[in-house]
Amino acid sequence: MSALKIYAGSEALQHIRQNGLSKSDINTLLGASGGPKWLVLATLDRYLISEWVVGRTQPMHLLGTSAGAWRLSCYAQADPLAAHARLQEAYLAQQYPDKSNREQISAVISSILDHAFGDNGGAEIVQNPVMRYHTIVARCKGLGALENASLQTVGMLAAFAANLVSPAAMRPFVERVLFHHAQQPAITHFPSLPVQKVLLSEENIKQAVLASGSIPVIFSGVKDIVGAPAGMYRDGGMTDYQFDLPVMPEQDFVLYPHYSALPPKAVWFDKNLKSRQAKADHYKRTIIVAPSPEFEASLPGGKIPDRQDVFDFPDYKDRRPRWDKVIQECERMSAEFAEIDQQQRWAEVVEPLPW
């Protein structure tokens, strides 16, 4: 049983079949939202950091939202393997008091990011000339900008209802904000929702990364990020859950390690809408690496970790062994990827996009 599925858009597929794939072909790395789902990619992250990042002199853009933004922030630190190890351990070790309130939950999440950043991670990310970090955050408007849980819920429901019509209909409720490196990523335009662009700095990097993972209602938002328009900032998955953006560098390609072999969803509210998926044309220069459905079914509980695990296994002593087991099993994924990469078997295993 193969642990991996590797898909490529039309132009990437043609390139791989003719030339194979090397790290020098990759211009951009994407990181999707998804909470604990990122744990299935932890061992693959370590391979990519060791073999594709450490010692790299060719620039690479890193674009993530929510948990993906947290993962990729490790790639841009001076010692990315150590940063990733700090993030993984702090994430696995998260514990909450019984009947935790939003402030207690937010404090735990903030402490995870503090561990991942270490003493100087923010400055290292901003100053990195090679690994060029970017994240997308949602600036909420109206009731969604309030911290009162009941009113905020009404605001989120209004945004959800608007999205049923079209993602563009969410404009009165949410604004897309790109916090970017001095060198911006190769995105020709931002569909559906306009974008506000803000330069990352040592003063706002941690605020931006924290905000990109601040789930509405459950976590506190991040207010008035330095250098950005005044307002309340929340989870970037609201506007860019798994990306439906034309990230298309002219010469090189995009690598997208994903926790699902299913077509990506554009925004957070699309998760359960079967008719909504990213446009294949936006992925014509993208290579997706994901666990195979058979491998996913072999994991504890027959699935990759998700937020429901925190509710199903509220006791850390029950949840931690389960998540540790998933990461251990996912060593198969990274080993298989390493073999494909080192033996240049890309053309043998790559498949066209499944949508």
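Predicted model: local features only at pLDDT ≥ 70, side-chain atom pairs only at ≥ 80, totals over all residues.

Which helix does His84 lie in? I found His84 in helix α4. Helices here are DSSP runs of H or I with at least four residues, strands are runs of E with at least two, and both are numbered from the N terminus.

Residues are numbered from 1 along each chain as its sequence is written, and side-chain values use heavy atoms, with hydrogens and water left out.

Back to His84: it counts as buried because its relative accessibility is 0%. Buried means under 20% relative accessible area, exposed over 50%, and partly exposed in between (1.4 Å probe, protein chains only). Leaving aside neighbours within four places in sequence, I see His84 in contact (heavy atoms within 4.5 Å) with Trp38, Ala42, Asp45, Arg46, Ile49 and Cys74.

Next I checked how α3 meets α4. Trp70, Arg71, Cys74 and Tyr75 in α3 touch Pro80, Ala83, His84 and Leu87 in α4.

Most residues other than glycine have a negative phi. Ser66 is not a glycine, yet its phi is positive, about 55°. Ser66 sits in the loop between β3 (60-64) and α3 (67-75), and it counts as buried because its relative accessibility is 4%. Gln344, also not a glycine, has a positive phi of about 50°. Gln344 is in the loop between α13 (331-342) and α14 (346-349), and at 39% relative accessibility it counts as partly exposed.
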